[in-house]
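Please read the following report alongside the sequence and the three-dimensional structure. It takes up the ligand surroundings, the domains, the nonpolar core and a few single residues in turn.

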Amino acid sequence: MELHLKGKVAVVTGASKGIGLAVVEGLVREGAKVVAGSRTSTPELDALAAAHDVSVVSVDLSTAEGAEALVRAAVERHGRIDILVNNVGAAEPRESFLKVTDEDWQKVFGVTFFSAVRASRAALPHLLAAEGASIVNISSINARLPFPMVVDYSAAKAALTNLNKALSEEFAPQGVRVNAVSPGPVRTPFWTAPGGFADATAAAAGTTAQEALDVVVPQSMGIASGRITEAHEVADLTLFLASPLAGNITGAEIVIDGGQIKTL
Ligand SMILES: NC(=O)c1ccc[n+]([C@@H]2O[C@H](COP(=O)([O-])OP(=O)(O)OC[C@H]3O[C@@H](n4cnc5c(N)ncnc54)[C@H](OP(=O)(O)O)[C@@H]3O)[C@@H](O)[C@H]2O)c1
């Protein structure tokens, strides 16, 4: 399917690994130009930058300045922005709500919610000036499945899904579509990094991290398809929503969770 993204300028937050990296890969495959933001780069992102029009920008998106610096870098390099993918987000496994401090809440909201507020605010003047521009917010099924293990993250994603709708209401009439993608568990470093959710699940179930992701998580979370989602599958959906093929889709939240959410 031709997505008509050739030559478009896209800003991707949290771009060095996982879903963000898969979005960058998909965008360059379609001929888009990418400005990729994260604190550090990876060999995979560096390889994309060496072969395609990908600018790697080192920014801490949990800070007020980070998102602005990323958007500024995109405008300085390309003079415009057509697509913003608010992908960055982070969570830590929590034992109990009672142990989550103010600092923890602020950290998770900073990187998961305020990063999107700030990147959108900085990018919107440029998106409004472009033809057929759009924002895709990578939210989560936790926006409506508030698990105690990720109590702060779930609340931040609920705020992001809410913001998604408000931005669509204000800016779709002016030509900028705004949509959210809400994945269930996705095989990325978010789960697989040492000490991450795969290790925590494996320890609780008395198994390996691999087995936890392939068997325990799908079964215990009721994932109807029997498997977790792959990063490239989230990227494909994101690219579709960003493309003119989704030209009359705005204010939507598309869930990609293998049938984990059971309600209509
Ligand atoms: N994986 C899942 O199961 C899942 C499910 C639902 C939703 N999501 C959402 O999908 C998005 C991407 O998740 P993922 O699984 O791909 O995460 P990931 O594998 O942990 O990758 C996170 C990316 O964000 C960057 N990042 C983290 N903190 C940052 C900061 N302060 N400033 C700038 N960049 C930062 C990381 O690079 P650096 O560390 O170098 O900065 C990395 O590139 C997140 O919003 C997440 O909440 C994930």
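By class, the shell around the ligand in this predicted model consists of 14 nonpolar, 11 polar and 3 charged residues, where Ala, Val, Leu, Ile, Met, Phe, Trp, Tyr, Cys and Pro count as nonpolar, Asp, Glu, Lys and Arg as charged, and the others, Gly among them, as polar. The shell holds 28 residues, of which Gly14, Gly18, Arg39, Gly89 and Phe190 come nearest to the ligand; a residue is near a molecule if its C-beta atom, placed from the backbone, lies within 6 Å of it. Helix H1 (18–29) and helix H6 each supply at least two residues of this shell, with helices (H or I, at least four residues) and strands (E, at least two) taken as DSSP runs numbered from the N terminus.

Because the model is predicted, local features need pLDDT of at least 70 and side-chain atom pairs count only at pLDDT 80 or more, while totals for chains, interfaces and linings use all residues. Residues are numbered from 1 along each chain as its sequence is written.

The domain assignment of the protein gives domain 1 (9–185 + 229–256) and domain 2 (187–220), and such bounds come from an automatic or database domain assignment. Taken over C-alpha atoms, the centres of domain 1 and domain 2 are separated by 25 Å. Between them, 7 residues of domain 1 are in contact with 8 residues of domain 2, contact meaning that the C-beta atoms of two residues, placed from the backbone, lie within 7 Å. On the side of domain 1 that touches domain 2 there are 4 nonpolar, 1 polar and 2 charged residues. The ligand shell draws at least three residues from each of domain 1 and domain 2.

In helix H7 (residues 197–205), Phe197, Ala198 and Thr201 are buried, a residue being buried if 20 or more other C-beta atoms lie within 10 Å of its own, exposed if 12 or fewer, and partly exposed in between. These residues lie on the same side of H7 because they cover an arc of only 100° around the axis, the arc being that of the directions from the helix axis to the C-beta atoms. Their cover includes helix H6 (189–192) and helix H8 (209–220). After H7 comes Gly206, which has a positive phi near 65°.

The largest nonpolar core has 77 residues, and Val11, Val24, Val34 and Ala36 touch the most other members; such a core is a set of buried Ala, Val, Leu, Ile, Met, Phe, Trp, Tyr and Cys residues joined through C-beta atoms within 7 Å. Its largest share, 10 residues, comes from helix H4 (residues 102–129). Setting aside residues up to four places away in sequence, Val11 touches Val35, Leu70, Val71, Ala74, Ile81, Leu84 and Ala123. Val35, found in strand E2 (residues 33–38), is in contact with residues including Val11, Ser55, Val57 and Arg77.

| Residue | C-beta neighbours within 10 Å | Class |
|---|---|---|
| Gly247 | 11 | exposed |
| His4 | 14 | partly exposed |

Gly247 lies in the loop between helix H9 (231–242) and strand E9 (253–256), and its C-alpha atom is separated by 16 Å from that of Leu167, 80 residues apart along the chain. His4, placed in the segment before strand E1 (9–13), has a positive phi of about 55° although it is not a glycine.
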